Amino acid sequence: AGFAMVEAGCCRAKNVQNILLKNLFDVCIGTLGWWALGWSIAYGRSEVKSDILVFGEENGLKVPFNGHTYYVGNFGGTGFMSAYSDGREEPSDKMMNWFFQWAFCSAAATIVSGGVAERVNFMGYALFSVLMTGIIYPVVVASTWGGGWLAEVTLVSYMDFAGSGVVHMAGGVGALVGALCAGPRIGRWEHPEKFVPHSLPLVVLGTFILWFGWYGFNCGSTLSMKDIATGMLAAQVAMNTTLAAATGGITVFLMNLRWKYDIGSFCNGILAGLVSITAPCGNVACGSAVLIGMYGGVLYQLTSWLMKRLRIDDPVDAFAVHGMCGAWGVLAAVFFDWGLGFDKFHGWKGFDCVKDAGGQCMSGAWKEAFSANLLEILFVVVWVGLSSACIFLPLRLAGLLRASESDQLAGFDEVKHSPSKAYTWDAQSQEVVPSSPGADLGAMNIEDDLKPSSGPRLEPMSPHAMLNITRAGELIGLSVSPRQDGRLQSV
């Protein structure tokens, strides 16, 4: 809901339904893709190594990958539950884990929809969404949270607590590639004043929804509260998340104070702080969270300005918020770790340190973790970037990605949706401005056209006003004054 509100508010009113359609589709197709294939790629790793394909096991098809066996294709829900010898179902936590990780998968896909908004055909985007949730994102998870090669490539594993790189950077890179392949919206750089957000209230509402939902992502990534230490870690995560979000928002707000107040960038600053703290929220102090949020806000704003300078059309700043700040969050998880200096490292251990064979805090662990997190960033950029390009570029060359000029100018809602407008009330047709009497009413019937239930009401102290009414596509000026019952009468 948060992503849908932010994206819909940032774009123009004539494309609102199309934006919401893509968000709904991401969630629905993401659910099916994650259930049928994505989950098994991401978390299907078995401890039993195999060099051959084995079919017929209770968990489905086994495929060797990275030296391990993955259960691919829990089709129809198979493999999520097992039964006792007498036929009774055996309790399992697989469904709980599937549900929690499903939310991350849907979020990664939805980030991309904002970067390609207002000029991409639905069917072309739908194909990308299917592949993003079913293959691209699951491979990222398989290499990280799923216990893949990034967890074993160095002596100390990478650190990405809740997905600055795994989720947000993956979505941000996909959005950047999509924006480059789709090209800018028609007139975006010639008439920038026509591309302002149509509803800042929606943007603010979406930001607050996302901020609240972030606690589920970050705090929930403790995965359990089996003891006091884990509960305290969840509290630490919540506090870090809150501080970084607030600092990111204030930082961007202050960076734009030389101009008029910019609510849209304020909201993106909050999101930048949230993305930045997502990876390090479980292994940094509260003071560090403030710095991480501040640097995240600065990086977001500089990247947003650079994208505009390069004329890369990203309607919601998806790459600046999620891609750049996602990479920063992965690095911040190492730079600000609780470990002593640039030697010891805590990472996934939380309040404890990574220990050597002798049970002491490992010397040189920081360098190992730094290398692993750098590899995570490079892997996400290469894998998501190349795989996204392999989808978007052929679609663009085949004419299936970018919408026609006529569809873009008319608006997707008018051309592709029923009803043809997301709003039944047109703000331009209800504008009241001071004027002088004497407007020509022509054949308009005032009693028929200005009903109390549908017409505007003027305050009793307003002696006279000009009401602009759009009728049959024509803007008509109407001089009116209020009656005692609140209805309008012509002057």
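Where is the place of Asp-317 in the chain? It is in the loop between helix H9 (286-309) and helix H10 (318-335). Helices (H or I, at least four residues) and strands (E, at least two) are DSSP runs, numbered from the N terminus.

## About the model

This is a predicted model, in which local features need pLDDT of at least 70 and side-chain atom pairs count only at pLDDT 80 or more, while totals for chains, interfaces and linings use all residues. Residues are numbered from 1 along each chain as its sequence is written, and side-chain values use heavy atoms, leaving out hydrogens and water.

## The chain as a whole

Let's start with the big picture. The chain has 14 helices and 10 strands. Buried residues make up 51% of its 491 residues; buried means under 20% relative accessible area, exposed over 50%, and partly exposed in between (1.4 Å probe, protein chains only).

Most residues other than glycine have a negative phi, and most peptide bonds are trans. Asp-317 has a positive phi, near 55 degrees, and it is buried, with a relative accessible area of 8%.

Glu-118 also has a positive phi, of about 75 degrees, although it is not a glycine. Glu-118 is found in the loop between helix H3 (94-115) and helix H4 (122-143), and it is buried, with a relative accessible area of 2%. Elsewhere, the peptide bond from Ser-418 to Pro-419 is cis, with omega near 0 degrees. Pro-419 lies in the loop between helix H13 (412-416) and strand S7 (432-433).

## Rings that meet

Now for the aromatic side chains. Rings of Phe, Tyr and Trp (its six-membered ring) pair if their centres lie within 6.5 Å; planes under 30 degrees apart count as stacked, over 60 as edge-to-face and the rest as tilted. By this rule there are 21 aromatic pairs. The rings of Trp-34 and Trp-39 have centres 6.2 Å apart and planes at 80 degrees, so this pair is edge-to-face.
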